[in-house]
Amino acid sequence: MLTIEGRNIDCTETGEGPAVLFIPGSYSTTAAWRQVQRGLAPGRRLVATSLCGYGGTSDSRSAQDFDIQHEVRVVEALARHVDAPVHLVGHSFGGTVALAAALSGRIDVASLALFEANPLALIHSYGDGAVHQETLRTSRGFESAVAAGEPDAPGRIIDFWGGTGVYAAMPEPVQAYCRQTCSVNVLDWRTDFAFDVGPPNLAALSIPVLLVRGSLANSAMVQMTDVMAAHLIDVRPVVVEGAGHFLITSHAAQCATLLDSFLP
């Protein structure tokens, strides 16, 4: 745990070598990447954090101020702690935050590895309008369900990304954590929808990017990944067969192999 300017930020760290910063998605903590990290070859400095409002990381956002720069500042704090060029690895909303951090130009990012990253602006302006509207309806329905106190409101989001029944199959402690942090996830959706990114931003990134999605990804994820693959300059797109949105857990060994072949 780091305390920076009175703010707590999750930080776990192991190993020595090139610095790799792992950023989990919504409803997740540093533990989300543990299986992948265990599968990596030695010789790297593995650092992990949690996003705003998850684990031990303080949430500086509010219903009135949910700009993605709140999340980027978490990444910047870890980059200053590392004090070296960082390879950013992000999953889901954590991948979107990693992309935003790289685009900010305020830290030295050596590469990006994005696993089912979801910058929603890419389906709003550059994807299928019907898919964007379905995603927006899902987000609004979820926010209304949280406000109404629906006990398993997180299942709406987990199943949207992962497929019907994924939330019900999760262990009870995981479901309980999702229920505990569902109001944080409401802000995540607002943050993501407000993140203005498009092909010109993507084309400005000259660093190598590993771009991974599962073969069972929903239509929104497929479209976002396709836009990124088409406009990133130095990109390695990969589809993991038989994997869905939560591939860093279900297919941890394959994800570790992909990272080993991509990272220095």
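Colleague: Is the crossing in which α5 passes α9 left-handed or right-handed?

Modeller: Helices are DSSP runs (H or I, at least four residues), as are strands (E, at least two), and both are numbered from the N terminus. A crossing counts as left-handed if the near helix is turned anticlockwise from the far one by less than a right angle, and right-handed if clockwise. The crossing of α5 with α9 is left-handed.

Colleague: Before we go on, what is left out of the side-chain values?

Modeller: This is a predicted model: local features need pLDDT of at least 70, side-chain atom pairs count only at pLDDT 80 or more, and totals for chains, interfaces and linings use all residues. Residues are numbered from 1 along each chain as its sequence is written, and side-chain values use heavy atoms, leaving out hydrogens and water.

Colleague: Is α5 roughly parallel or roughly antiparallel to α9?

Modeller: Axes are lines fitted to C-alpha atoms, for helices over the stretch in contact, and angles run from 0 to 180 degrees between N-to-C directions. Angles under 35 degrees count as roughly parallel, over 145 as roughly antiparallel, 65 to 115 as roughly perpendicular and the rest as oblique. The axes of α5 and α9 come within 10 Å and cross at roughly 150 degrees. Therefore α5 is roughly antiparallel to α9.

Colleague: How do the residues of the contact of α5 with α9 divide by class?

Modeller: Contact means heavy atoms within 4.5 Å. On α5, His132, Thr135, Leu136, Ser139, Phe142, Glu143 and Val146 meet Cys182, Ser183, Asn185, Val186, Trp189, Arg190 and Phe193 of α9. The contact of α5 with α9 divides into 7 nonpolar, 5 polar and 2 charged residues. Here Ala, Val, Leu, Ile, Met, Phe, Trp, Tyr, Cys and Pro count as nonpolar, Asp, Glu, Lys and Arg as charged, and the others, Gly among them, as polar.

Colleague: Take Val146. How far is it from Asn185 in space, C-alpha to C-alpha?

Modeller: Val146 lies in helix α5. Leaving aside residues up to four places away in sequence, Val146 touches Ala153, Cys182, Ser183 and Val186. Val146 and Asn185 are 39 residues apart in sequence, yet their C-alpha distance is 9.8 Å.

Colleague: Is α5 roughly perpendicular or oblique to α11?

Modeller: Helix α5 (residues 129-147) packs on helix α11 (residues 219-231) with axes 10 Å apart and an angle of about 125 degrees. So α5 is, to α11, oblique.

Colleague: Which residues of α11 do Val131, Glu134 and Thr135 of α5 meet?

Modeller: The crossing of α5 and α11 is left-handed. By class, their contact has 2 nonpolar, 3 polar and 1 charged residues. The α11 partners are Ser219, Ala220 and Gln223.

Colleague: How many nonpolar residues are in the contact of α6 with α9?

Modeller: Helix α6 (residues 154-162) and helix α9 (residues 182-194) have axes 10 Å apart, at an angle of about 50 degrees. That makes α6 oblique to α9. Pro154, Ile157, Phe160 and Trp161 of α6 make the contact with Cys182, Asn185 and Trp189 of α9. The classes are 1 polar, no charged and, for nonpolar, 6.

Colleague: Which elements do the buried residues of α6 pack against?

Modeller: Buried means under 20% relative accessible area, exposed over 50%, partly exposed in between (1.4 Å probe, protein chains only). In α6 the buried residues are Pro154, Gly155, Ile157, Ile158, Phe160 and Trp161. They pack against α5, α7 (166-169), α8 (172-180), α9 and α11.

Colleague: Now the backbone. Is Asp83 buried or exposed?

Modeller: Asp83 sits in the loop between α2 (69-82) and β6 (86-91). Its phi is near 55 degrees, positive in a residue other than glycine. With a relative accessible area of 68%, Asp83 is exposed.

Colleague: And is Ser92 buried or exposed?

Modeller: Ser92 lies in the loop between β6 and α3 (93-104). Phi of Ser92 is near 55 degrees, a positive value in a residue other than glycine. Its relative accessible area is 7%, so Ser92 is buried.

Colleague: Last, what radius of gyration does the protein have?

Modeller: The radius of gyration is taken over C-alpha atoms, and the globule rule is 2.2 Å times the number of residues to the power 0.38. For 264 residues, a compact globule would have a value near 18 Å, and the protein agrees with 17 Å.
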